[in-house]
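Please look through the model with me before we discuss it further.

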Amino acid sequence: MDFACLWPGLLLPLVVALDFRYHHQEGMEAFLKTVAQNYSSITHLHSIGRSVKGRNLWVLVVGRFPKEHRIGIPEFKYVANMHGDETVGRELLLHLIDYLVTSDGRDPEITGLINSTRIHIMPSMNPDGFEAVKKPDCYYSNGRENYNQYDLNRNFPDAFEFNNVSRQPETLAVMEWLKKNTFVLSANLHGGALVASYPFDNGVQATGALLSRSLTPDDDVFQHLAHTYASRNPSMKKGNQCKNKMNFPDGVINGYSWYPLQGGMQDYNYIWAQCFEITLELSCCKYPLEEKLPSFWNVNKASLIEYIKQVHLGVKGQIFDQNGNPLPNVIVEVQDRKHVCPYRTNKFGEYYLLLLPGSYIINVTVPGHDPHLTKVIIPEKAQNFSALKKDILLPFQAQLDSVLVSNPSCPMIPLYRNLLSYSAATKPSLFLFLVTLLHVFFK
């Protein structure tokens, strides 16, 4: 491996040279360990678990404080290679790591991100599947599933219908990882199409399924996130680059509108982990030739960086009682966009709400007390690498023990199955409803 010389007069770590080729588990591990060693002040490498075959599920954290959570520093994550035969995302994340660490202290934008964000990067959630591919194919290979032949993106609990598949070690490791971190924004990287797909992937009538869509109460934010990525990718934003595939206007689509999917990871993240996640399909061919990897990096680099910056949308802060004690596990949501599994403060009393510019009422709910309402105005121009900071001091003393025990985590059941109504964002107008009925009748 070649190393660049130190810049004169600057005590910078050695630069890791990463070539454009497919990195199997041994090569990927060697690269990640070298980065963690050479950039120890801004990176932390750890495994969140093991695959069926015992391969480590590596995560590299990039940030000014990579080993510990800091108040007010949002957690961001990228996950790739859920399907072992979808390879472009895996290599892009390795090159993203290389770009982040070598740009720290040289590029103000990247330095600002590293100072203000903890960026978790998992290049491969399905290492067994990747290693199982012997004859790469553009459309399908036996490496799609994990070693037990389970599709990991159909393996999570589902909020709309029972998903009684056997939870795989890789899935359980990710679910536990989500519990331990306050992730705010995320994306998972796939191949086989060129589109940014946003939740929901599954749906019911209450979320708009009658109109062949399934919308979250934060649909405006999700559309913004998807457009943010697609608009900076010259190939994706054209919307029709893959032969014999759907046309995606501006390179964006609602997941359910594309095709319903049970047990997907992005829905699970949003509902049970309070983390906004979209799915990025990055290549028409799942396993393209190695010589095409540089072009994939060139068209995705700006999108990957700009998407990370969106973790600083909206408002963040801590909730305190009148004595200044931070309150964990209390409900903090915006009026008129309640989540079926209410969003709560973490163990530090922190909350993060991704919101577009505008005026909002934040509703803080503590057991035994009336809801506390606070108005916030998100400015058009966000602060540099920071959401609007709004700590909320409640006019009473809370019993911390009762707060902790009275609000258990949401059960892993289909929370939407019996829901009769939902937010205004998902309710069809009478005109659209009639159009839908006519379409169904005459189809």
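1. Helix α9 holds both Glu-306 and Lys-309, which are 3 residues apart, about one turn of the helix. In this predicted model, their side chains meet in a salt bridge, with an N to O distance of 3.2 Å. Glu-306 counts as buried because its relative accessible area is 16%, under the 20% cut-off, whereas Lys-309, at 24%, is partly exposed.

2. A salt bridge also joins the side chains of Glu-86 and Lys-286, at 2.6 Å from N to O. This pair links distant parts of the chain, 200 residues apart: Glu-86 sits in the loop between β3 and α2, and Lys-286 in the loop between β8 and α9. Both Glu-86 and Lys-286 are buried, and the two belong to a network of salt bridges that also includes Arg-144, Asp-151 and Arg-154.

3. Arg-70 and Glu-68 form a salt bridge as well, their closest N and O atoms being 3.3 Å apart. Here Arg-70 is partly exposed, with a relative accessible area of 31%, and Glu-68 is likewise partly exposed, at 40%. The count for the model comes to 16 salt bridges.

4. Which residue does the UniProt annotation "active site" cover? According to that unreviewed entry, the residue is Glu-281, which lies in strand β8 and is buried, with a relative accessible area of 8%. Leaving aside neighbours within four places in sequence, Glu-281 is in contact with several residues, among them His-190, Gly-191, Met-236 and Trp-258. The backbone nitrogen of Gly-191 lies 3.4 Å from a polar atom of the Glu-281 side chain.

Key
Residues numbered from 1 in each chain as written. Predicted model: local features only at pLDDT ≥ 70, side-chain atom pairs only at ≥ 80, totals over all residues. Heavy atoms only, no water. UniProt positions renumbered as here; feature names shortened; annotations may be inferred. Helix = DSSP H or I, 4+ residues; strand = E, 2+ residues; numbered from the N terminus. Buried < 20%, exposed > 50% of the residue type's maximum accessible area, 1.4 Å probe, protein only. Contact = heavy atoms within 4.5 Å. Polar contact = N/O pair within 3.5 Å; in protein donor to acceptor, adjacent residues only side chain to side chain. Salt bridge = Lys/Arg side-chain N within 4 Å of Asp/Glu carboxyl O.
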